[in-house]
Amino acid sequence: MLVGAAALSTIGSALSKPHVPASQTDRLLATIDPRAFRKSVLGQTAMATDIRYEEWSGNDQEYCDWIVALASHGIDGVEEIWLDQDMAWSQTTGVTSKFNGYFSVPNIVLEGTPANAFTFASGKWNQAARLTGCAYLRMRFKVTGNGKKATSPFSSSIPSRITIIGRGAKLYDPRRDSTVPGGSGPMRWDDQSTWRYTADDGAVIGENLALQILRVVLGWRIRNPVTGEMRLAVGSGVPGRRLDMVAFQVAANLCDELVNRSAGGTEPRYHGAGVISEGDDPKQILDMLCAACCGRFRDTGGKLALVIAHNDLAVAATDDGLNEDDQIGAFTWDPDPALEATPNVVRGRYVDATSASLYQLIDYPEVRIASPDGQDRIMTLDLAVVESPSQAQRVVKQALERRQYQRSFSSTFDIRAWKYTVGDVLPFTFAPLGFKRALFRVASQELGQGGTCDMTLSVEHPVIYAWDASDAPPVLAADPIVYDKGNNPLILAIGEAANTALWSGVVDDDGKKPEDNATYGAPYDSPVAGKPAFEVLKDIQDNITSLSNLLGKNSDLTRLINEVGYIKGQSAATFAEHLETNINDGLSSVRGFLDLIASKSPDGTSAILNSELTFAGPDGTGAKSLKELYAKSDKADLDAQFLLDTLIAPDGTGLAKGMLQVKDGTTIAGINLTAGGEIAMLDFLANIVRFTDPNNGGPPITPFLYQDGVLYLDNVFAKKLTVEGVANTFDIQMDENGFSMKIPGGPIFKSGKIRQAITGEQTFNIVFPKPFPTVCLLAFPIGFINAANNLKDLFPQQQGEPTQAGFSIYTQATSGNAQSLDGITWLAIGF
């Protein structure tokens, strides 16, 4: 049940941020750890390197033998062994020339049994120590030279960076099980002897991510050689009868389908490989595997099913879906979240299986789209079992696109909604929000009172699945939410009512229906509803008058009319009429125009005022244009003004003014321009200035930022810049013991030193004079000697991980007569 709960919690895990288990990085370093957890190896990859036994033998302890556990289950084969960055052994060529005579692999056991146990050297490792059911091998290192002038490549040390590449666990495939609907073949989920890495028909199934997930859920059992009992060794151990094997068939087929690579050629859609440990959190394991294939778990009729995200939206075309008649009571519509919750950049790592990295996690090229406000919001998505860069691009692009559509609708629905299950696609028509067969996917369901269905729906869009067949398409911004007022219930009802008022549909049930094409006029005193027609007209006029009086009593509307509807104590219409007349006051002519629009809404008031004025006379000519928009709400008063003012005197001199100003309460943004014979003035009332490239488009850049009396410049290229007055923005602090330097917008470097005679193995605790604000990433201790001396071979090591406050150094001796140093110098990097 615990495993089932963990699985269900990974719904949508392809969009989450899966952690990288320690087993995926620890496998690259051979260690002796008697408390190491059991490991599973999936796919063709670097296997576990847990040293279970070490023995030295021969003259002067010249041989070292390791028993290395590769997996706690049977595997399909071992292909290569690399020591540091050099291949030392391969299945086809054996030991390479560099290590010939100094390295060998005497024993490789793909699955330990009493029959393949062996004994070597002192006999301490013998038939009783056989790692039953596990895969392991024996490596032998010779640390002395094979001649007087020969030197062993292991004379100084045996490398701990060991990469053992092989084919991992055998998998069960329900497509090859004739007892599963749609399946055909001898495989059975409860018979591990039928499981394969390469199927009997020659198809390699060991790297299929859907089948690897099924393998983790089913688990692997080891038979006790004495009692014959099968015991769960690794995995969850969920019985096959509790799994929807047909859903796993569909998922496996989707993973195996070939897709195009932008670099050329094709590859399976979702294949993966990696090492997982019984010490890892089961949910982290399932999240990691599901993220690599855009997978999620569903509960289908009480059985666990795996679903691979793909474009299945076509099924909604023939579905009648749900509508407002199915929705009960209140609802919650969550449109696009805040910008802070919507990333526009995704970064992370995948496994580079080439010889350049040998299964280390490296960065894949980041994927980004333009940010609406120019500020990047980054999502980290590590793909610890993906070994293909193009597959990594397909996964992260889909994840980023999905984040652009974080829209959901939650409400209670009637029992008809139960025909859908979690994960199903449905069309939803909902007039209050303008939805007309909008595509949604069922995100969650709960049983409500009276058998109702409490359901959350998430928005779907075909663009999310643009990478089903290729890694090439770019990520796009989400379509805007558009309200179609034509779907308003009132408008729809009016339209329906109009269809019922057709003359041909009027029934003459009492013989008084007028004839077709009859005259529709009537005399002044014709009876209408028991009254003469003129009285009916009078009643209509009285109702209009009453309505006008009622609107006039509204204080907000009255205040608005008084504020913007009157100019100098007279109505706007009267003032405009006066402006349109000629005035004999020294001006030859005046022409004015005034346009006023005022309205009131439930949440505030607004007004638009346009004014044009021109005049000419003996003192000069002038023109003025004013446009103003005013709006008021409960939260703020908004005022936007645009003014152009020109005056030309008879002598040709002039004055020109221009203003664009926007006010929000006490905040003002605008530009004032003035030119009148004196020095012209350009005045910016703004904190931030942004520029957009008119040729190439793209997001705007912000080269100027004014804040707290300081003008900040960014993205500025200067051909000539005077150094005088430019402040040193590097924060550097130095003394006789070291320094601390902070790079603007970058990391912090700290350095220090210890100068004393160090004559043995001991620990030094370094405390930074000032802690790192966020994290210390790296710390480097370096040995110091006053002069060349071949006896001072004590070397410092970093002991444990560094903290914000400091780190520890441990001095290690290589031999008994070389235990001294004259000091230590250290460097730390962080943020």
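Helix axes are taken here as lines fitted to C-alpha atoms over the stretch in contact, and the angle between two axes runs from 0 to 180 degrees between N-to-C directions. The model is predicted.

**Overall content**

The protein chain holds 10 helices and 51 strands. Of its 831 residues, 38% count as buried. Among contacts between residues at least 6 apart in sequence, 61% join residues at least 24 apart.

**Helix pairs**

Helix H3 spans residues 209–218 and helix H5 spans residues 282–292. Helix H4 covers residues 245–256. The axis values for the two pairs that involve H3 are listed here.

| Helix pair | Axes come within | Crossing angle |
|---|---|---|
| H3 and H5 | 9 Å | roughly 165 degrees |
| H3 and H4 | 7 Å | roughly 145 degrees |

Angles over 145 degrees count as roughly antiparallel, and H3 and H5 are therefore roughly antiparallel to each other. The crossing of H3 and H5 is left-handed. On the H3 side, the contact is made by Leu 209, Ile 213, Val 216 and Val 217, and on the H5 side by Ile 285, Leu 286, Leu 289, Cys 290 and Ala 292. By class, this contact has nine nonpolar residues, no polar ones and no charged ones.

In the other pair, Leu 209, Ala 210, Leu 211, Leu 214 and Leu 218 of H3 meet Met 245, Phe 248, Ala 251, Ala 252 and Cys 255 of H4. The contact of H3 with H4 has 10 nonpolar residues, with no polar and no charged residues.

Eight of the 11 residues of H5 are buried, so the helix is largely enclosed by the rest of the structure. The buried residues are Ile 285, Leu 286, Asp 287, Met 288, Leu 289, Cys 290, Ala 291 and Ala 292. H5 is followed by Cys 294, whose phi is positive, near 50 degrees.

**Asn 107**

Asn 107 lies in strand S9, which spans residues 103–109. Is this residue buried or exposed? Its relative accessibility is 18%, and buried means under 20%, so Asn 107 counts as buried. Leaving aside residues up to four places away in sequence, Asn 107 touches Phe 118, Leu 137 and Arg 138. Asn 107 and Arg 138 are 31 residues apart in sequence, and their C-alpha atoms are 5.2 Å apart in space.

Definitions and conventions. Residues are numbered from 1 along each chain as its sequence is written. This is a predicted model: local features need pLDDT of at least 70, side-chain atom pairs count only at pLDDT 80 or more; totals for chains, interfaces and linings use all residues. Side-chain values use heavy atoms; hydrogens and water are left out. Helices (H or I, at least four residues) and strands (E, at least two) are DSSP runs, numbered from the N terminus. Angles under 35 degrees count as roughly parallel, over 145 as roughly antiparallel, 65 to 115 as roughly perpendicular and the rest as oblique. A crossing is left-handed if the near helix is turned anticlockwise from the far one by less than a right angle, and right-handed if clockwise. Contact means heavy atoms within 4.5 Å. Ala, Val, Leu, Ile, Met, Phe, Trp, Tyr, Cys and Pro count as nonpolar, Asp, Glu, Lys and Arg as charged, and the others, Gly among them, as polar. Buried means under 20% relative accessible area, exposed over 50%, partly exposed in between (1.4 Å probe, protein chains only).
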